[in-house]
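Thanks for coming, everyone. I'll take the model on the screen piece by piece. Please have the viewer open.

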Amino acid sequence: MSGERSPTVWLRVGPGEVGIACRYKAGPTVRSTDEGGHADAVLPGGVPVGYYARTRRDRRLAIVAPGMVRDARALLRDRPEYMIAAEARARRCPTTFCVVEVGREAALLFTRIWEDIAERPPRFVAVGGNCAQVIARALVDVGAMPRRWPPPGSPDSLFRALHRARPDARVATGFAEFVAEGDGYAIRLDAA
């Protein structure tokens, strides 16, 4: 029927998988909106983690700033539209995920890379050190995608580069709800 929403989809990220979550992106071929397209990394078990500029006022555009990592708890507090489907719908923030198999060893390395980034975050630079570029370096380091120069500069270009490198990737879109499951999260995607 026309106008009918498709059913809810569940996305589970396995112990040998990693991925990206492109925020404000309504589908794999749709560009992120000007609202603030952003990319977060997805660790094994569906655990979200993101790289951000540390600014005095949250959500301000930064050209150069100290960097910081937000884990799931900080995302829930600071970016509820990234973690709760009702908040995502209210803010018109669909998320498109791209999840790839890298093997358990590489997936553990990806997690360790993010632990290191959290301990010693690099400087945030809008061009050359933003969310997409920090994630891209981590994906390259675990063999999920080839090194490119220049590296993907936006969440959209990161998505395209990862999907092009890994056409076997699992791609799903919707208003995301991260539901605690074991040591990680099952991701419920309500139709966008």
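First, a cut-off: buried means under 20% relative accessible area, exposed means over 50%, and partly exposed is in between, with a 1.4 Å probe and protein chains only. Two sentences on provenance. This is a predicted model, where local features need pLDDT of at least 70, side-chain atom pairs count only at pLDDT 80 or more, and totals for chains, interfaces and linings use all residues. Residues are numbered from 1 along each chain as its sequence is written, and side-chain values use heavy atoms, with hydrogens and water left out.

Start with E177. Is E177 buried or exposed? Its relative accessibility is 18%, so E177 counts as buried. E177 sits in strand β9. On naming: helices (H or I, at least four residues) and strands (E, at least two) are DSSP runs, numbered from the N terminus. What does E177 touch? Leaving out residues up to four places away in sequence, E177 touches M83, I84, A85, A86, A186, I187 and R188. Contact here means heavy atoms within 4.5 Å. For a distance check, take R54: E177 and R54 are 123 residues apart in sequence and 25 Å apart in space, C-alpha to C-alpha.

Next, R166. R166 lies in the loop between α5 and β9. With a relative accessible area of 15%, R166 is buried. Setting aside neighbours within four places in sequence, R166 contacts V100, E101, V102, G143 and A144.

Now the helices. Axes are lines fitted to C-alpha atoms, for helices over the stretch in contact, and angles run from 0 to 180 degrees between N-to-C directions. Take α4 (residues 131-141) and α5 (residues 155-165). They pack at about 25°, and their axes are 8 Å apart. α4 and α5 are therefore roughly parallel to each other. The classes: under 35 degrees is roughly parallel, over 145 roughly antiparallel, 65 to 115 roughly perpendicular, and the rest oblique. α4 passes α5 in a right-handed crossing. A crossing is left-handed if the near helix is turned anticlockwise from the far one by less than a right angle, and right-handed if clockwise.

Who meets whom? From α4, C131, A132, I135, A136 and L139 meet P155, L158 and L162 of α5. By class, this contact of α4 with α5 has eight nonpolar, no polar and no charged residues. For the classes, Ala, Val, Leu, Ile, Met, Phe, Trp, Tyr, Cys and Pro count as nonpolar, Asp, Glu, Lys and Arg as charged, and the others, Gly among them, as polar.

Stay on α5. Its buried residues include P155, D156, S157, L158, F159, A161 and L162. What covers the buried residues of α5? Among the elements covering them are β2, β3, β7, α4 and β9 (170-181).

Go back to α4 for its other partner here. α3 (residues 104-119) and α4 pack at about 145°, with axes 9 Å apart. α3 passes α4 in a right-handed crossing. L109, F110, I113, W114 and I117 of α3 make the contact with V134, I135, A138, L139 and D141 of α4. The class count for α3 with α4 is nine nonpolar, no polar and one charged.

On to the rings. How many aromatic pairs does a search of the whole structure find? It finds four. Rings of Phe, Tyr and Trp (its six-membered ring) pair if their centres lie within 6.5 Å; planes under 30 degrees apart are stacked, over 60 edge-to-face, and the rest tilted. Y24 and Y82 pair edge-to-face, at 6.5 Å centre to centre and 75° between the planes. This pair links distant parts of the chain, 58 residues apart: Y24 is in the loop between β2 and β3, and Y82 in the loop between α1 (72-78) and α2. Both Y24 and Y82 are buried. Y51 and F124 have ring centres 6.0 Å apart and planes at 25°, so that pair is stacked. Y51 is in strand β4 (residues 47-53) and F124 in strand β8 (residues 124-125), 73 residues apart. Y51 and F124 are buried too. F97, F178 and Y185 form one aromatic cluster.

Last, backbone torsions. Y24 again: its phi is near 60°, a positive value in a residue other than glycine. Y24 has 3% relative accessibility, so it counts as buried. R92 also has a positive phi, near 55°, and is not glycine. R92 is in the loop between α2 (85-90) and β7 (95-101). At 68% relative accessibility, R92 counts as exposed.

Over to you.
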